[in-house]
Amino acid sequence: MDDAARGRDGVAASRHQARSGALLDEALEILLASAIVLDDDGLIVAVNSAAQSLLGRDAPELVGQDFHDLLHRDKHGHSMPRTRCQLRKALLMRETMRGDAEWFAHGDGTFVQLSWLVTPCTPGPGVTGALVMLYEPKQGDVRHSDEWHSAPLTELDRLALLAETTTQLTSTLDVDEALHRLAALTVPRLADWAVFDLLTERDEVRRVLVVEHKDGILVERDDLQGPMPPVPAESPMPLSRALRGAASSLAGPATYQGPPDSGIAVEQQRLFTETGMHSAVIAPIRGLRDVLGALTLGRARRHDAYTPSDLPLLEDLTRRAGLALDNARLYQRQRKVAETMQRHLLPQLPVLPGLEMTARYVPAPDASSVGGDWYDAFALEAHAHALAIGDVVGHDLDAAAGMAQVRNMLRAFAWSHPDAAPSAVVTRLDEAVMHIAEVPMATMILARLTRGEDTLWRLHWTNAGHPPPLLVTHDGQASYLDEAHGMLLGTGVTRSRPDAVTVLPPRATLLLYTDGLVESPHRSIDDGLDRLRRHAASLAHRPLDSFCDSLLNQVRPSDNDDDVAMIALRTPPPAQDQ
């Protein structure tokens with residue numbers, strides 16, 4: 001068969017598939033009940049209007065998605081374990097089955113209780129799958145909310161909850177995220193309310209999170225959050241004892257009905273009044289060395305009260321929470337130290353008559369923390385200044401420390417030979433990096449900036465494996481200075497380094513930057529460079545500070561977890577215009 005014939009067959013197959021899909025959609029629309037067609041893998045193939053309305057989701061949100069993962073939930077609002085899903089079992093065994101009053105995720109974030117019927121079908125020629133009918137259960141099929149809320153956890157449920165808690169809390173290094181995850185794991189599974197009180201490094205108490213289960217979703221109560229009175233040293237009240245690290249205990253409105261013995265007791269009276277909790281359990285959250293806070297779980301809508309048998313599970317949960325919060329706080333302290341060190345090491349920019357200069361440093365947005373990005377600018381002699389930008393490999397405190405070593409050695413070498421070409425300085429720096437500095441590899445640009453007798457500024461530079469400088473003229477022409485490109489630092493390869501010289505036009509903008517501005521894990525570096533060039537050209541008339549801020553907002557990829565350093569300068573207008 002020739003290519004033309006194969007092409008005609010392919011087009012015909014596509015048209016046939018499209019017609020089959022259209023016929024399937026038409027067939028489903030005949031049904032008044034909510035209907036969804038799945039393939040053998042459980043992916044949604046088609047859905048009618050009734051199902052879209054019932055689930056609060058449009059067809060594009062449903063088609064192609066895994067029915068089980070997207071929609072099916074257990075009675076606590078969490079993803080239904082696949083091993084317990086009877087609907088999925090019917091799909092795999094190609095049997096007709098039904099289920100009553102199970103929970104499904106609605107498009108608005110709430111959960112709806114629906115019954116279902118699943119039966120095998122053939123969605124298209126040679127394709128097998130299943131038809132799922134969803135409908136609101138009869139009144140007799142729906143269990144009263146108190147009944148399913150009050151069902152005690154089995155030992156298997158407890159182990160599953162603890163395992164899920166460990167997984168959820170150890171996968172984040174953000175304190176707020178960890179607390180919200182623990183709240184979602186415990187409410188409404190164990191409680192109607194979750195309250196977190198944390199101790200600060202100065203032993204002050206702050207009620208950082210209060211959430212309730214309302215209308216099928218978790219609602220944060222800002223009005224109940226905020227600073228708390230200090231922890232009393234001798235108070236026997238449950239929360240005060242928990243914040244001192246004592247054992248967990250039961251509590252209720254009666255616990256705080258008498259005259260309050262402290263400010264914390266006053267706040268607890270208010271908490272029980274505002275929330276309507278009739279029963280609560282309070283446990284300390286302990287770290288490896290210190291008490292970090294306390295967790296209160298409360299019941300208001302559920303009629304059953306907590307008993308002493310509930311305390312061991314709560315203590316297991318807070319023990320895991322303590323380890324997670326300890327790790328998160330340690331990470332945040334290390335990040336703060338590294339950021340502070342890096343910011344203090346970044347220099348004050350020199351003042352050059354007639355020349356504008358500004359710089360930016362933005363730390364990494366996510367878990368990669370700080371990195372080794374840096375910039376520098378300093379005088380070499382009366383009419384010459386050095387500009388530098390670089391990136392030491394790594395995203396941690398070691399990278400920031402390595403950045404400081406490279407920057408300081410660069411200054412020393414440049415100062416000792418102020419007339420030396422940039423390539424000669426970088427060659428010496430590369431030798432030092434190999435033998436002195438604790439730096440794996442690094443990229444950088446070193447430039448020498450001078451003003452000639454014709455009043456024009458000249459840039460003399462060398463590039464050690466770094467993204468090229470960008471030059472933007474006042475009329476919006478942007479181009480990269482691709483010359484003088486050599487090996488990055490720390491490779492151990494001995495090779496001569498090139499230099500290049502260019503005249504900077506009047507009112508032109510020169511931008512040096514690190515790869516965090518243009519690099520994305522999902523696009524090529526060329527795409528990022530082209531994006532930067534086009535945006536910079538469009539901003540040529542902006543004031544220099546606005547130019548840099550706009551580039552950060554418009555160009556920096558949202559999916560990049562790297563830090564960014566930038567240094568920009570703008571040349572003065574022609575002498576006759578001044």
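**Briefing on the largest pocket and its setting**

The lining of the largest pocket is made up, by class, of nine charged, eight nonpolar and five polar residues. The structure is a predicted model, and its protein chain holds 578 residues, of which 49% are buried. The points below turn to the pocket, then to the chain as a whole, and then to its ring contacts.

**The largest pocket**

- The space in the largest pocket comes to about 470 Å³, and 22 residues line this pocket, with D74, K75, M80, P81 and R84 lying nearest its centre.
- Two or more residues of that lining come from each of three elements, namely the strands β3 (72–73) and β4 (97–105) and the helix α7 (155–170).
- Of the elements that contribute, α7 supplies the largest share of the lining, which amounts to four residues.

**The chain as a whole**

- The protein chain contains 24 strands together with 15 helices.

**Rings and charges**

- The count of aromatic pairs in this model comes to two.
- R299 places its charged end over the ring of Y306, at 3.9 Å from the centre of that ring.
- In another such arrangement, the charged end of R570 sits over the ring of F547, and here the distance to the ring centre is 5.9 Å.

Notes
Residues numbered from 1 in each chain as written. Predicted model: local features only at pLDDT ≥ 70, side-chain atom pairs only at ≥ 80, totals over all residues. Heavy atoms only, no water. 1 Å grid on protein atoms, 1.4 Å probe; cavity = no way out; pocket = protein on both sides within 12 Å on 5 of 7 lines; lining within 4 Å. Points joined across faces, edges and corners; volume = space filled by probe spheres on them. Nonpolar A, V, L, I, M, F, W, Y, C, P; charged D, E, K, R; others polar. Phe/Tyr/Trp six-rings, centres within 6.5 Å; stacked < 30°, edge-to-face > 60°. Lys NZ or Arg CZ within 6 Å of the ring centre and 35° of its normal. Buried < 20%, exposed > 50% of the residue type's maximum accessible area, 1.4 Å probe, protein only.
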